[in-house]
Amino acid sequence: VLGVFGWWWKLEKPICINCQVEVDDADHAIFNCDRWWSERWRLEILLGEPFNPETIISLMLKNTDNWGKIVAFINQIMTTREAEEHARQTQQQRNH
């Protein structure tokens, strides 16, 4: 999963493949990336509280329902990014 972030590849300036911001790490993907704003918004509605780096731990520990919702949200982001990165690399190999 780490391979879906530009910093993992030691790019000089990792850029988010989804929103083109000059940050590409898990924190950005989970809490800030524009691509996932609607999923974050839905998650906050389901949780009934703001979802951010300062609240994630307390929200997850509050109850198992919250835990499952947050894990599902993060898994959705990571598995989508991983599949898209795999497809991108496959296409790159075909082009060479």
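Which residues make the nonpolar surface patch of about 400 Å²? The patch is made by Trp37, Trp41 and Ile45, in a structure that is a predicted model rather than an experimental one. The secondary structure comes to four helices and zero strands, and along the sequence the chain follows the pattern α-α-α-α. Of the 96 residues in the chain, 33% count as buried.

**Surface patch**

- Among the residues of the patch, which is formed by Trp37, Trp41 and Ile45, tryptophan 37 lies in helix α2, a helix that covers residues 37–47.
- Tryptophan 37 has a relative accessibility of 55% and therefore counts as exposed.

**Salt bridges**

- The count of salt bridges comes to four, and among them is the one in which the side chains of arginine 81 and aspartate 24 meet, with an N to O distance of 2.5 Å.
- Because arginine 81 lies in helix α4 while aspartate 24 lies in the segment before α1 (26–31), this pair ties together parts that are 57 residues apart in sequence.
- Glutamate 84 forms a salt bridge with arginine 35, in which the closest N and O atoms are 2.7 Å apart.
- The pair of glutamate 84, in helix α4, and arginine 35, in the loop between α1 and α2, links distant parts of the chain that are 49 residues apart.
- Glutamate 84 counts as partly exposed at 34% relative accessibility, and arginine 35 is likewise partly exposed, with a relative accessible area of 33%.
- The side chains of lysine 62 and glutamate 49 also meet in a salt bridge, at 2.4 Å from N to O.
- Since lysine 62 lies in helix α3 and glutamate 49 in the loop between α2 and α3, the pair ties together parts that are 13 residues apart in sequence, and glutamate 49 is partly exposed, with a relative accessible area of 29%.

**Aromatic pairs**

- A search of the whole structure finds two aromatic pairs, one of which is formed by phenylalanine 51 and phenylalanine 73 in an edge-to-face arrangement, with 5.6 Å from centre to centre and 85 degrees between the planes.
- This pair links distant parts of the chain, given that phenylalanine 51 is in the loop between α2 and α3 (56–62) and phenylalanine 73 is in helix α4 (residues 64–95), 22 residues apart.
- Phenylalanine 51 and phenylalanine 73 are both buried, and ring pairs link Phe31, Phe51 and Phe73 into a cluster.

**Cysteines**

- The count of disulfides comes to zero, and cysteine 19 is accordingly in no disulfide, the nearest cysteine sulfur being that of cysteine 16, at 3.7 Å.
- The sulfur of cysteine 33 is likewise too far for a bond, because the closest cysteine sulfur, in cysteine 16, is 3.7 Å away, whereas the cut-off for a disulfide is a pair of sulfur atoms within 2.5 Å.
- Cysteine 33 has a relative accessibility of 0% and therefore counts as buried.

- Asparagine 66 lies in helix α4, and its relative accessibility of 5% is why asparagine 66 counts as buried.
- The side chain of asparagine 66 reaches the backbone oxygen of leucine 59 at a distance of 3.1 Å.

Terms used. Residues are numbered from 1 along each chain as its sequence is written. This is a predicted model: local features need pLDDT of at least 70, side-chain atom pairs count only at pLDDT 80 or more; totals for chains, interfaces and linings use all residues. Side-chain values use heavy atoms; hydrogens and water are left out. Patches are made of residues with over 30% relative accessible area and no salt bridge: like charges are joined within 9 Å, nonpolar side chains (Val, Leu, Ile, Met, Phe, Trp, Tyr) within 5 Å. Accessible areas come from the Shrake-Rupley method with a 1.4 Å probe; for residues, only the protein chains shown count as cover. Helices (H or I, at least four residues) and strands (E, at least two) are DSSP runs, numbered from the N terminus. Buried means under 20% relative accessible area, exposed over 50%, partly exposed in between (1.4 Å probe, protein chains only). Rings of Phe, Tyr and Trp (its six-membered ring) pair if their centres lie within 6.5 Å; planes under 30 degrees apart count as stacked, over 60 as edge-to-face and the rest as tilted. A polar contact is a pair of N or O atoms within 3.5 Å; within protein, one must be able to donate a hydrogen and the other to accept it, and residues adjacent in sequence count only if both atoms are side-chain atoms.
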